[in-house]
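Me: I've got a structure to go through with you. Can we walk over it bit by bit?

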Amino acid sequence: MIRFRKQRGAAARWLLWLALLIVGTAGALLASADNGGDREAVLLTVDGAIGPATVDYITRGIDAAEERGAEMVVLQLDTPGGLDSSMRSIIKHMLQSGVPVVTYVHPAGARAASAGTYMLYGSHVAAMTPATNLGSATPVQMGGGGLPGLDEEDLEEMREDAAEEDNGDGNGNGEAEEGRNDNGGEPSAGEERLEDDPEPRRGEDAMERKVLEDAVSYIRGLAERYDRNADWAEETVREGSNLTATDALNQNVIDFVADNLDDLLQQIDGHTVKLATGERELVTEGIRIVRMDPDWRTELLSLITNPNIAYILMLIGIYGIIFELANPGAVYPGVIGSISLILAFFALQVMPINYAGLALMLLGMIFMIAEAFVPSFGALGIGGLVAFMTGSVILWDDPNLNVALPLVVGTAIAIGLVSVWVLGRLFKLRGQKPATGHEEMIGMIGHARADFEVRGPVWVHSELWTAETTAPVREGQKVRVTAIEGLRLTVEPVEQEGTAETA
């Protein structure tokens, strides 16, 4: 009987565990079904210039959408343009995304100028709100930057070569066959020109021509990928043309014109897009919008990714830590320097920096600091100043990212003046009389405590010493210390009181 009751109790426990397992599995399946039915669209908002902070925000948003299994990413765009390197990074992430990206120029009055036009062409779906525009996609070099790796002599030589081609053997722009496009074909609708300007813009010099042709090829490739108007894309790059939303739709530059987000989602329902993994049909009926507004990280990056701010933060960080190491316990320089350096690295991780420039800057600062400790007579200081300025100028790989030249020059002059001041102080200290040790007593004045001709007692530095003399000394006569060996002084009689310290 007892054994039967134990078996019945064990069976009851097993039945209870099985019931709980069935209930839990059913709940998980129901939850999974609910989540699968609740489709999401991640909404990102860009309002301002395209820069490193924008790259970080959009790429993180697309990655988050992929992790959530979202139906699409809607990028609400209003931008005057931005950096070429940042724009290309965003488009590259769009093209490789497993989630469709819908770029929507909104609200009314917004624009997708310059870099924004490229982003529209690089999106799986391009849409605009009425009373918006796109275009002005001609690349512009800002801040005096040129092509990476070319100095002014190279650029001047390229300009001269381009001028010779234009005026020489007929291979320049001015000798091209009238009425033909760059590829030798008939001009398209987007390439129509006035009679006095039959050829598309190719650039005024070799440098501008290289940048322009690269941009044209890039945007034409994006247009051909999504079967959009490649001829107008080339026109906006060469001539800076613009289109309104309605004209852009009529010329097959964009896919949809929608009054608001709800209207857009309704129109694109059932639309087929081309992803890197294949084609996909968008299903937007009953879709839920999940907003991912710019967070503190994006706001902070927007502030510190200014090249001048990042440059100053890096200098404060490096010198703060150096000062803390040279003066342990100062605390404030170490704290401020550490925070500044971390913020600078946080900014540099999303910016295209030239590591050779960064290494030259660090080497220059090390040389200038070493000048205070190594007697190089200015060689380390001058070399460090040159390395620091050179590294500051070539710090960024993107020619549109440049530290302001007055900031570089001003910082270099300030550091140079500090180095000169330290060097001058060192030379001054080397000429001063030692203030400690045996050397301090050389030249001191004392008094003889007895008459002696060779050896006797003298009172120097508030102490009684045994001294040897170079001439006979009388008791009470002043003597000057000329040498010291062990605990014995060498003195000479003084007729008149000197300027040295008196015992």
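**Strands, a helix and a barrel**

Reply: Starting inside the chain, Val105 has Met128 as its bridge partner in β5.

Me: How do β3 and strand β5 pair, and over how many bridges?
Reply: β3 and β5 (residues 125–128) run parallel and share four bridges. Strands count as paired if DSSP finds at least two bridges between them. The elements themselves are DSSP runs, numbered from the N terminus: helices are H or I with at least four residues, strands are E with at least two.

Me: Before I go on, what kind of model is this?
Reply: This is a predicted model, where local features need pLDDT of at least 70, side-chain atom pairs count only at pLDDT 80 or more, and totals for chains, interfaces and linings use all residues. Numbering starts from 1 along each chain as its sequence is written, and side-chain values use heavy atoms, with hydrogens and water left out.

Me: Back to β3. What does strand β2 do with it?
Reply: β2 (residues 72–78) pairs with β3 in the parallel sense, over five bridges. Leu77 has Val105 as its bridge partner in β3.

Me: Which helix makes a β-α-β unit with β2 and β3?
Reply: That's helix α3 (residues 84–96), and the unit is right-handed. Right-handed here means that, with the strands pointing away from the viewer, the path from the first strand over the helix to the second runs clockwise.

Me: How many residues of β3 are buried?
Reply: Five of the five in β3 (residues 101–105) are buried, so the strand is largely enclosed by the rest of the structure. Buried means under 20% relative accessible area, exposed over 50%, and partly exposed in between, using a 1.4 Å probe and protein chains only.

Me: And which residues sit on which side of β3?
Reply: Val101, Thr103 and Val105 are on one side, with Val102 and Tyr104 on the other, and both faces are covered.

Me: Switching to Thr54. Where is it, and is it buried or exposed?
Reply: Thr54 lies in helix α2 (residues 52–68). It is buried, at a relative accessible area of 9%.

Me: What is Thr54 in contact with?
Reply: Val46, Ala49 and Ile90, once neighbours within four places in sequence are left aside. Contact means heavy atoms within 4.5 Å. A polar atom of the Thr54 side chain also lies 3.3 Å from the backbone oxygen of Ala49.

Me: OK, sheets. What is the order in the open sheet of three strands?
Reply: β4-β6-β7, with mixed pairing. β4 (111–113) and β7 (242–244) are the edge strands, each pairing on one side only.

Me: How do β4 and strand β6 pair?
Reply: In the parallel sense, over three bridges, with β6 covering residues 133–135. Ala113 has Gly135 as its bridge partner in β6.

Me: Which strands form the closed barrel?
Reply: Five of them, running β12-β13-β14-β16-β15 with mixed pairing. The twist averages 55° from one strand to the next, with axes being lines fitted to C-alpha atoms (for helices over the stretch in contact) and angles running from 0 to 180 degrees between N-to-C directions.

Me: How are strand β12 and strand β13 joined?
Reply: β12 (residues 445–448) and β13 (residues 455–460) run antiparallel and are joined by two bridges. His447 stands opposite Trp459 in β13.

Me: Last one: how many helices and strands does the chain have?
Reply: 15 helices and 16 strands. Buried residues make up 39% of the chain's 503 residues.

How values were computed
A polar contact is a pair of N or O atoms within 3.5 Å; within protein, one must be able to donate a hydrogen and the other to accept it, and residues adjacent in sequence count only if both atoms are side-chain atoms.
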